[in-house]
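Student: I've got a new model to look at. Can we walk through it together?

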Amino acid sequence: MTIAVYPGSFDPITYGHLDVIGRAAGIFERVIVAVLVNPRKSPWLDEAERLRVIREAVDETLGNAAATVDVAAFDGLTVEFAREAGARFIVRGLRAVSDFETEIQMAHTNRKLSPEVDTIFFMTALEHSYLSSTLVKEIARFGGDVSQMVPPAVIRRLAAAG
Ligand code: PNS
């Protein structure tokens with residue numbers, strides 16, 4: 001089975017992430033959305049909430065493909081998580097040239113750490129290429145409308161926070 005791991009912070013998940021997950025699900029038999037739980041960062045959504053919101057977002061936007069997508073938390077190296085999950089591929093999205101520098105560094109580092117794992121890049125769909133979780137959080141904090149940027153699951157969570 002071809003398994004791919006899509007690692008990230010997903011704090012919160014955006015339509016850009018969902019675009020990458022959906023397209024990866026069209027290629028790989030199983031896609032594991034791997035949510036980095038970094039104890040040094042203080043995320044907007046804690047681990048349990050992020051997992052729940054991502055699961056809901058995948059289920060409500062990807063249709064039948066959602067059944068081939070798993071959502072899991074990890075702490076440590078992405079390649080270690082990939083190895084334990086039996087995944088030979090890491091998936092990442094590229095929104096713009098500015099992403100390329102950090103992404104190529106991560107891809108080469110991961111390949112050095114684990115030569116049997118390859119990184120596959122998807123060009124984020126043009127209509128989502130401006131999106132970032134950081135901007136979404138800032139706009140939401142000031143009461144702006146983020147409904148074009150994040151799925152209903154995130155909007156519901158924002159509404160619950162008041
Ligand atoms: O959504 P993000 O914050 O851009 O994702 C970054 C992520 C989680 C992919 C990256 O920080 C990562 O892989 N962290 C795990 C630690 C690790 O494996 N570091 C070495 C990779 S260069």
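This is a predicted model: local features need pLDDT of at least 70, side-chain atom pairs count only at pLDDT 80 or more; totals for chains, interfaces and linings use all residues.

Student: What pattern does the protein chain follow along the sequence?
Tutor: Read along the sequence, the pattern is β-α-β-α-β-α-β-α-β-α-α. Helices (H or I, at least four residues) and strands (E, at least two) are DSSP runs, numbered from the N terminus. The protein chain has 6 helices and 5 strands. The radius of gyration, taken over C-alpha atoms, is 15 Å for the protein chain, close to the 15 Å that the globule rule gives for 162 residues, so the chain is as compact as a globular protein of that length. That rule is 2.2 Å times the number of residues to the power 0.38.

Student: OK, the ligand. Which residues surround the ligand?
Tutor: Pro7, Gly8, Ser9, Leu36, Gly76, Leu77, Thr78, Arg92, Met106, Thr109 and Asn110.

Student: How do they divide into nonpolar, polar and charged?
Tutor: The shell has 4 nonpolar, 6 polar and 1 charged. Here Ala, Val, Leu, Ile, Met, Phe, Trp, Tyr, Cys and Pro count as nonpolar, Asp, Glu, Lys and Arg as charged, and the others, Gly among them, as polar.

Student: Which element gives the most to the shell?
Tutor: H4 does, with 3 residues. Strand E1 (3-8) and helix H4 (97-113) each supply at least two.

Student: Where are the polar side-chain atoms of Ser9 and Arg92 relative to the ligand?
Tutor: One from Ser9 lies 2.6 Å from a ligand oxygen atom. For Arg92, the distance to a ligand oxygen atom is 3.0 Å. Thr78 has a side-chain N or O atom 2.7 Å from an oxygen atom of the ligand.

Student: How much of the ligand's accessible area does the protein cover?
Tutor: The protein covers 71% of the 540 Å² that the ligand has on its own. Accessible areas come from the Shrake-Rupley method with a 1.4 Å probe.

Student: New topic. Where does Phe10 lie?
Tutor: In the loop between E1 and H1. Phe10 has a positive phi of about 50° although it is not a glycine.

Student: And which peptide bond is cis?
Tutor: The one from Asp11 to Pro12, with omega near 5°. Pro12 lies in the loop between E1 and helix H1 (15-25). Most residues other than glycine have a negative phi, and most peptide bonds are trans.

Terms used:
Residues are numbered from 1 along each chain as its sequence is written. Side-chain values use heavy atoms; hydrogens and water are left out. A residue is near a molecule or strand if one of its heavy atoms lies within 4 Å of it. A polar contact is a pair of N or O atoms within 3.5 Å; within protein, one must be able to donate a hydrogen and the other to accept it, and residues adjacent in sequence count only if both atoms are side-chain atoms.
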